[in-house]
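Here are my notes on the model, as numbered points. Have the structure open while you read, and start with the helix packing.

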Amino acid sequence: MNSVRPILSAKNIIKRYGNVTALNNADFDLYPGEILAVIGDNGAGKSSLIKALSGAVIPDSGEIILAGKSVQFSSPIDARLAGIETVYQNLALSPALSIADNLFMGREIRHNGILGNIFRKLDKRKMQQIAREKLSELGLLTIQNINQTVETLSGGQRQGIAVARAATFGSKVIIMDEPTAALGVKESRKVLDLIRDVKAKGIPIVLISHNMPHVFEVADRIHIHRLGSRLCEIDPKQHSMSDAVAYMTGAKAPNID
Amino acid sequence: MKKTLVTSALSAIVLCGSSITQAETGACLITKTDTNPFFVKMKEGANAKAKELGVSLKSYAGKIDGDSESQVAAIETCIADGAKGILITASDTKGIVPAVQQARDAGLLVIALDTPLEPIDAADATFATDNFLAGELIGKWAAASLGGAAKHAKIAMLDLAVSQPSVGVLRDQGFLQGFGIDLGDPNKWGDETDSRIIGHDVTAGNEEGGRKAMENLLVRDPAINVVYTINEPAAAGAYEALKAVDRQDDVLIVSVDGGCPGVQNIQDGIIGATSQQYPLLMASKGIEAIAAWAKDGTKPEPTEGKNFFDTGVSLITDKPAEGVDSIDTKQGLDLCWG
Amino acid sequence: MNEENLNKPQAFEAVLSESDTSTVQFTKKTSFLYSIQKLLHSNPALVPLLVLLASLVIFGAILGNKFFSPFTLTLILQQVAIVGFVGAAQTLVIITAGIDLSVGAIMVLSSVFMGQITFRYGLPAEFAVLCGFIIGGLCGFINGFLVAVIRLPPFIVTLGMWQIVLATNFLYSANETIRSQDIEQHAALLQFFGEKIKIGGAVLTYGVIAMVAVVLILHYILTSTAWGRHVYAIGDDPDAAELAGVKVKKTLISVYVITGLLCSLAGWALIGRIGSISPTAGQFANIESITAVVIGGISLFGGRGSILGMLFGALIVGVFSLGLRLIGTDPQWTYLLIGLLIIVAVAIDQWIRKVAS
């Protein structure tokens with residue numbers, strides 16, 4: 001493992017809000033091709049950590065390294081341009097717009113030639129075609145009509161669209177914030193399958209979740225966050241769910257390997 | 001006490017510019033709006049006369065035509081301010097009466113300008129145009145100009161508003177009487193049975209309304225050849241509608257008001273004739289009356305045979321008709337307002 | 001634990017393979033009412049179009065040729081041209097879930113500027129028109145800046161702007177009307193949109209043609225360009241749009257600037273329509289434009305609706321006003337019916353939105 005360099009890492013990240021220290025010298029490492037789960041109790045600072053990685057929060061100090069290069073993000077758009085896609089818990093979809101519109105929101109494809117350059121005409125056919133391809137790649141073929149509005153979809157399907165958007169554009173890393181929190185049993189199952197499909201495409205995933213069974217099912221490694229910094233990283237095959245819960249709540253100290 | 005302080009402080013802020021001297025006689029001018037040139041001219045007349053007589057004048061106006069609320073507040077402010085008299089063109093001629101009574105009880109002289117209150121004796125005096133006469137003059141002129149053709153005229157009546165305010169009714173009915181049409185009930189328009197009237201429509205007294213109303217009536221009968229309008233902006237709008245169907249040269253338009261753009265429109269042959277009224281005179285006479293009232297308590301007397309003080313009206317046209325007195329546009333331009 | 005177990009679903013989920021999978025799919029309800037609801041959901045301009053056609057048929061049946069003549073039908077277009085321009089401007093703002101109460105005032109101020117710059121300062125009419133557009137664009141920019149950057153509610157911002165612009169208009173113009181004949185002689189360009197083309201009995205003014213063109217161009221922009229899709233996305237959910245990569249502030253400001261410019265265009269067209277330049281014109285343009293937008297099926301909650309619907313909405317009002325006047329009813333009936341239409345339109349909008357859930 002150590003011979004491979006992390007694709008995304010953070011060193012000594014500090015973020016304070018007034019008197020509260022949300023991140024206290026936090027470290028983070030994500031390796032190529034893996035699913036890394038980030039868990040932690042409420043208020044442990046995992047949400048601040050993820051925001052720092054996705055550009056939504058600017059750290060007071062510390063360094064973020066993406067693919068060997070030090071990077072600084074001033075907005076989520078910066079992070080996206082660098083290749084880090086985030087699937088937000090609220091999905092960031094526009095319900096009244098179509099699946100294709102949503103998939104390409106902010107990254108629309110224009111026609112070639114005069115139509116595109118002068119009349120700024122969008123190449124809807126091309127976008128629809130790509131959207132259809134991406135959805136079928138991820139096994140979301142139950143969606144028949146790429147032009148139906150997102151609000152007509154179920155919660156799981158919407159999650160699918162958000163993940164598909166990230167997978168379409170996320171060249172380096174995809175961060176998923178609580179992807180199963182709002183879903184029922186069957187839909188959660190679909191989304192977990194989807195996460196594995198994305199991993200199979202070779203894109204590493206950071207998964208933030210409170211759901212221990214889900215975390216233990218899909219994660220390759222688990223980053224446990226406590227009191228503003230990384231407490232430890234564990235292998236889900238070596239530890240039980242109750243171990244993980246005990247570490248993150250401070251009931252038990254991890255035995256560092 | 002506190003309220004008085006606050007209101008006078010407020011009015012001082014509102015009226016920044018006009019100095020407040022305690023020794024002078026105070027007077028208030030309350031108009032429907034301060035955007036209509038008619039009221040702007042009225043204010044001008046009042047200001048000039050007030051300066052001449054050493055009266056301290058404060059002006060108030062509603063936000064829009066029909067805003068009686070602001071006018072009531074203005075009356076209250078004037079009472080609190082210790083003014084000697086109020087000149088008012090009421091937006092709501094019935095609704096304002098209790099506030100006017102309050103002012104009169106407090107010893108103020110209240111004069112209605114341009115628009116009589118209902119009942120007319122709710123104010124101490126009314127200085128106004130005889131609107132019926134104004135209508136009658138243009139009606140007579142139109143009939144005389146047409147001569148024999150008046151029998152087969154097709155008349156469009158462009159009125160003010162569906163609520164039929166008294167100004168609009170008086171001018172409309174005056175015109176019809178002058179033209180020689182049987183009025184039915186003279187207190188409202190629209191009940192006439194003469195087939196020469198193609199229809200009545202409302203204009204809100206502006207260009208856009210005038211154009212729309214004219215268009216609507218032209219659809220009803222494209223052969224309209226006489227157009228009565230409540231005022232000159234409505235007449236200008238009606239002219240545009242006629243121009244759009246190339247009828248501008250064979251239709252007679254008459255109007256009431258005598259504003260400067262209106263008189264110029266007569267000069268240019270757009271309007272045939274208008275009855276000019278004199279807002280400046282109303283206001284300056286009003287200020288004089290308040291000054292007299294403050295001095296020795298004399299109240300102004302109405303014109304003989306009328307229940308208000310008639311500030312006069314003249315027919316303006318460059319094509320005088322037999323049997324109707326008129327002045328030409330050159331004189332009209334000297335006397336015009338706005 | 002071995003790897004094989006881990007990658008399998010958890011034991012308690014094993015039964016899932018036998019469960020009904022239909023909920024994951026798009027549920028197909030097939031009732032007639034539902035199909036209508038869905039149809040309207042994807043074609044927001046359909047309701048106003050149907051209402052427009054129905055009202056044309058009904059008034060045509062009652063009034064016959066007097067109504068169904070090229071002259072009368074094109075007259076309706078002329079009568080709604082100004083509301084059409086202002087409604088187009090209003091549509092843009094309402095799609096972003098805002099509202100603009102200052103549109104009418106900006107329109108009038110622009111027309112007054114165009115007139116005063118020519119007649120007070122003696123500058124060429126072309127320059128005056130340009131100044132009119134600058135003043136409209138500037139008012140729009142201030143609205144947009146306050147809404148997008150300072151994050152004040154659009155209702156409040158434009159309520160204030162309405163008063164400020166109207167007062168500026170009256171102060172600057174000294175309430176003076178510029179007469180049609182003077183404009184015709186010295187600055188005919190200002191009356192450009194009053195020029196007309198006659199085809200038989202039909203009369204089309206340049207103002208009417210320009211208004212329809214503006215609506216069609218905006219329809220293209222809103223549906224077929226990235227900017228247009230962003231405008232809808234912002235109205236739908238600005239936070240989601242921001243996270244998805246839309247430059248929300250920039251787009252919002254541009255919407256208000258374009259709205260201001262469209263109001264200036266409306267002001268120019270207004271001069272063509274009424275001939276003269278009157279500071280007291282267009283007092284109710286803001287309410288009339290909102291009426292057209294709402295009857296046109298554009299959601300006041302943002303993100304939904306077609307600008308074509310606004311045009312149909314404006315035409316419905318025009319058909320009703322003229323039709324009822326020709327029948328000879330009291331004009332108050334027009335307001336009553338339009339009031340009803342507004343409430344019905346909003347109720348239908350709410351009903352259509354339910355297709356989502």
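1. Start with helix 5 and helix 12 of chain C: their axes come within 7 Å and cross at roughly 55°. Axes here are lines fitted to C-alpha atoms, for helices over the stretch in contact, and angles run from 0 to 180 degrees between N-to-C directions. For the cut-offs, angles under 35 degrees count as roughly parallel, over 145 as roughly antiparallel, 65 to 115 as roughly perpendicular and the rest as oblique. Helix 5 of chain C passes helix 12 of chain C in a right-handed crossing; a crossing is left-handed if the near helix is turned anticlockwise from the far one by less than a right angle, and right-handed if clockwise.

2. A word on provenance before going further. This is a predicted model, where local features need pLDDT of at least 70, side-chain atom pairs count only at pLDDT 80 or more, and totals for chains, interfaces and linings use all residues. Residues are numbered from 1 along each chain as its sequence is written, while chains are lettered from A and ligands numbered from 1 in the order in which they are written. Helices (H or I, at least four residues) and strands (E, at least two) are DSSP runs, numbered from the N terminus.

3. Who meets whom in that first pair? On helix 5 of chain C, the residues include Val103(C), Met107(C) and Met114(C), and they meet residues of helix 12 of chain C, among them Cys263(C), Trp268(C) and Ile271(C). Contact means that the C-beta atoms of two residues, placed from the backbone, lie within 7 Å. By class, this contact of helix 5 with helix 12 of chain C has 10 nonpolar, 6 polar and no charged residues. The classes are: Ala, Val, Leu, Ile, Met, Phe, Trp, Tyr, Cys and Pro nonpolar, Asp, Glu, Lys and Arg charged, and the others, Gly among them, polar.

4. Helix 5 (residues 103–119) of chain C also packs on helix 6 (residues 125–148) of chain C, at an angle of about 150° and with the axes 8 Å apart. That makes helix 5 of chain C roughly antiparallel to helix 6 of chain C. The crossing of this pair in chain C, helix 5 and helix 6, is right-handed. Among the residues in contact are Leu109(C), Phe113(C) and Ile117(C) from helix 5 of chain C, and Phe127(C), Val129(C) and Ile135(C) from helix 6 of chain C. The contact of helix 5 with helix 6 of chain C divides into 12 nonpolar, 5 polar and no charged residues.

5. Next, helix 9 (residues 206–224) and helix 10 (residues 226–236) of chain C: the axes come within 5 Å and cross at roughly 75°. That makes helix 9 of chain C roughly perpendicular to helix 10 of chain C. Helix 9 of chain C brings Ile221(C), Leu222(C), Thr223(C) and Ser224(C), and helix 10 of chain C brings Trp227(C), Gly228(C) and Val231(C). By class, this contact between helix 9 and helix 10 of chain C has 4 nonpolar, 3 polar and no charged residues.

6. Now the assembly. Which chains share the most contacts? Of the 2 pairs of chains in contact, it is chains A and C. Chain A and chain B do not touch, and their nearest C-alpha atoms are 36 Å apart. Between chains C and B, the contact takes 25 residues from each of chain C and chain B. On the chain C side, the elements that give two or more residues are helix 4 (70–95), helix 8 (180–186), helix 12 (248–274) and helix 14 (307–327) of chain C. That side of chain C has 8 nonpolar, 11 polar and 6 charged residues.

7. Chain B has 11 helices and 12 strands. An automatic or database assignment supplies the domain bounds, giving domain 1 (2–129 + 279–300) and domain 2 (131–277 + 313–335) of chain B. Their C-alpha centres lie 32 Å apart, and 5 residues of domain 1 of chain B are in contact with 7 residues of domain 2 of chain B.

8. Two backbone spots to check. The peptide bond from Glu118(B) to Pro119(B) is cis, with omega near 0°. Asn12(A) has phi near 50°, a positive value in a residue other than glycine, and is placed in strand 1 (residues 8–17) of chain A.
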